[in-house]
Every structure is written in structure tokens, then in C-alpha cells.
Amino acid sequence: MQKWHQIFQRNTGLNPYVWVVFYILPFYFIFRSSSTYEVVIGIIIILVFFVCYVLSFVSKGWLVYFWTSVQILISITMTLVFGYVYFALFLAFFIGNIKNRIGFFTLYSIHLVTTVISINYGFVSKTPWFITQLPFVIISVVAVILLPVTTYNRNKNDMLQIQLEDANKKISEMVKLEERQRIARDLHDTLGQKLSLIGLKSDLASKLITKNPARAQAEINDVRQTARSALKEVREMVTEMRGTRLEDEIFRISQILKAAQIEFTLEGNSELTNISLMNENVLSMCLKEAVNNIVKHSSASACSIMIEPGRTDLIVTVKDNGIGIPSETAYTRGNGLRGMWERLEFVNGSMEMKSDKGTILVIKVPNVLKHPEKEAGI
């Protein structure tokens, strides 16, 4: 539960002064009574209600349900005795903020049934207070029905969004850490051994330069060849760092979909061998954008990616079981899809979208053999 003095402004967006009206209204109904005894009892009941309301926000465990039950009894009493039904709005809002699913539905059912029975009893007994405020009573009943459900669903969606953002941050940090470790391993394996060999052969050549010039020349040639080999491997490593590998992107996609509670299925091999790094990087960015759209806009519960390498093209199909494409024109204008079109056109690729019990996105990129030195631009 959130703090009671923050709950209205953060979760409803309603101006706090609107709720002040509901704070004042019960006193109006109380002072309208002719009996001083009823006025005193009514004021005590109102104060007890607000004390219980605050305690229900700051309490934990079974105490939350205890104070809520007391508030329900007070709301019934105020409805039957003084004709004041608006405490039901406070309860409806509070019940919507209960995170426990069973507790929410239990209190929601009890509150809804008791409110409806109390109001019906007031009408059956022909209490004039109910007749004069009939429109407001109807609005209160509608609010008691809808407000808890909408508040509960909004809080659940906010919680999922926060969990998704936290998961994305953790995945990003894990990927960065893994990338640092990979770079460290590659540098050690690529340069460490070869630089040690260059150092040893240089020392040997300096010793042999006067005793055996031919042998010294051979060692110097080996040093030159080792240096070129190390430079080539560094170029290849730089090329790999400049782009996003499809295998790495698939891993991030699986983690994001898992955090969004969307079932993920992969068909095919994400380790590509017959495609240039540039095309693989474009494909990875397009998949990233497509999955972001699925998480944010599709309301899907399952997503599948199928990788089909062909002789001339690599075909990747992304499918979900969400709400589909409401309008192809509106869909292509937003959500980053225009950028996907532009990236694919740059590498002579293509993209096709259609709606069939969800959304199907077919991405094609041409197969181009890798040339690490050229792609590195070194």
C-alpha cells in the first residue's frame, strides 16, 4: 500500500480539493439532524471512519482487512441512519489499491453487496434523503462498481511497467558486463600471445644480428608476419564491436518478453554465417523495434520468431497473438516502423506486415558474404 497522504494525487490525478468536499459532506448530513444526540454520535462515527481510513493505509497484513471491515460497517450505518452513501467512494478507491488478488476480490464483493443492499433498503423504506439525492446515489453505485476495478488494473499495469523497466536495466547491465568480459578475453587471446611472441623474437633477433645475420633476418620476418596477423585479428574484433549480433539481440528479446510475461518461441538458428555484419546489425535493430511494439501496443500473450536462411535472402518472421493492426496506414506512421523501413531500404531489404489473429511481420535482408577488413574501414 502507498502512503495515505500521497494516494489521491499519485494514483487518480484528481484534485485533492475535490476529496475535501467528500470530507465535509458527512458533517452536513449530520448537522441536518434535529437531535443533538444524533449529531454527537454522527460526528464520532465520522471521525472513527477517517481514523480507520488512515490506519488501513499504514497497516500491513490482516490489520488492513480489519480496518477496512470497520469502514464498511460505518458506511452501512451512515447510509441507513443518516442517508450518507459517499463513504462508499472512499472504500471503493481504497479497495482498488489492495495488491493481493484474493483480498481485493473478497473486499470488492462484500463492499458492492453491502452498498447495494443498504441503498435498496433506503429506497424501500422511502427515506426522503435518498429520493432527493437520487442522481448522486446512482453515480455512487456506478463508482462503487467501476472504481475499484479500474484502480486495481491501473496499479497492476504500472507495476508490470516498472518491473519491465527494471528488467531492461538489469539486462542492459548484464550485457555490458558480458561484453566487457568478452572484449577482455578477446584482447588477451588475440594480442597477449602474439605480443609476447613478438617480444621474444625481437630479443632473439637482436642477439643473432652479429652472430648469424641470416637467422636474425628470418626472426625479423616472423615478427613482421606476427604483427600483421595481430592487426588483422584486431580489425575483425573491431568489426564485431561496431554492430549488434543477432544472437545477442535474440537473448535480449527473450529476456524482455519474459519480463513482460509474453511467451517466446524461437525457430531456426540465430548464429548467422552467410550475411554481412551491416545487414545483421540492421536486422537486429529491426527485431528490437518490432518486439518493443509487441510489448507496448499488441496486448499479446505469445510471440514467435522464425529464422529462415535462403540462398539469396535471409527471412525473419515475427508473429504475435495480439490485437492485430487496426489500420495499416496509421500503423506504419508511428511506433518506429518508418525507421525500420528506411534501414531495410538502405541494405536492399524489405518488410511486409499483415494481420491474422495478431500481427505477422516478415523481414527480408540479402545474403552478403562477410569481409571484416572492408567493414572495419581500417
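Modeller: Let's start with a helix pair. The axes of helix α5 (residues 87-96) and helix α6 (residues 101-124) come within 10 Å and cross at roughly 165°. Axes are lines fitted to C-alpha atoms, for helices over the stretch in contact, and angles run from 0 to 180 degrees between N-to-C directions. This is a predicted model: local features need pLDDT of at least 70, side-chain atom pairs count only at pLDDT 80 or more, and totals for chains, interfaces and linings use all residues. Residues are numbered from 1 along each chain as its sequence is written, and side-chain values use heavy atoms, without hydrogens and water.

Colleague: Which residues of α5 and α6 meet?

Modeller: A88, L91, A92, I95 and G96 in α5 meet F104, L107, Y108, H111 and T115 in α6. Contact means heavy atoms within 4.5 Å. Those residues divide into seven nonpolar, three polar and no charged. Ala, Val, Leu, Ile, Met, Phe, Trp, Tyr, Cys and Pro count as nonpolar, Asp, Glu, Lys and Arg as charged, and the others, Gly among them, as polar.

Colleague: How many residues of α5 are buried?

Modeller: Ten of its ten. Buried means under 20% relative accessible area (1.4 Å probe, protein chains only).

Colleague: And S75, is that buried or exposed?

Modeller: S75 is buried, with a relative accessible area of 6%. S75 is in helix α4 (residues 62-82). Leaving aside neighbours within four places in sequence, S75 contacts Y84, F87, A88 and L91.

Colleague: New topic. What is the order of the strands in the sheet?

Modeller: The order is β1-β2-β3-β5-β4, an open sheet with mixed pairing. Helices (H or I, at least four residues) and strands (E, at least two) are DSSP runs, numbered from the N terminus. Two strands pair if DSSP finds at least two bridges between them. The edge strands are β1 (263-267) and β4 (350-355), each pairing on one side only.

Colleague: How many bridges join β2 to β3?

Modeller: Seven, between antiparallel strands β2 (residues 302-309) and β3 (residues 313-320). S304 has K319 as its bridge partner in β3, and M306 has T317. A hairpin of three residues joins β2 to β3.

Colleague: Which helix lies across β2, β3 and β5?

Modeller: Helix α11 (residues 277-298), running at about 10° to β3. Helix α13 (residues 337-346) lies across β4 and β5, at about 145° to β4.

Methods:
Buried < 20%, exposed > 50% of the residue type's maximum accessible area, 1.4 Å probe, protein only.
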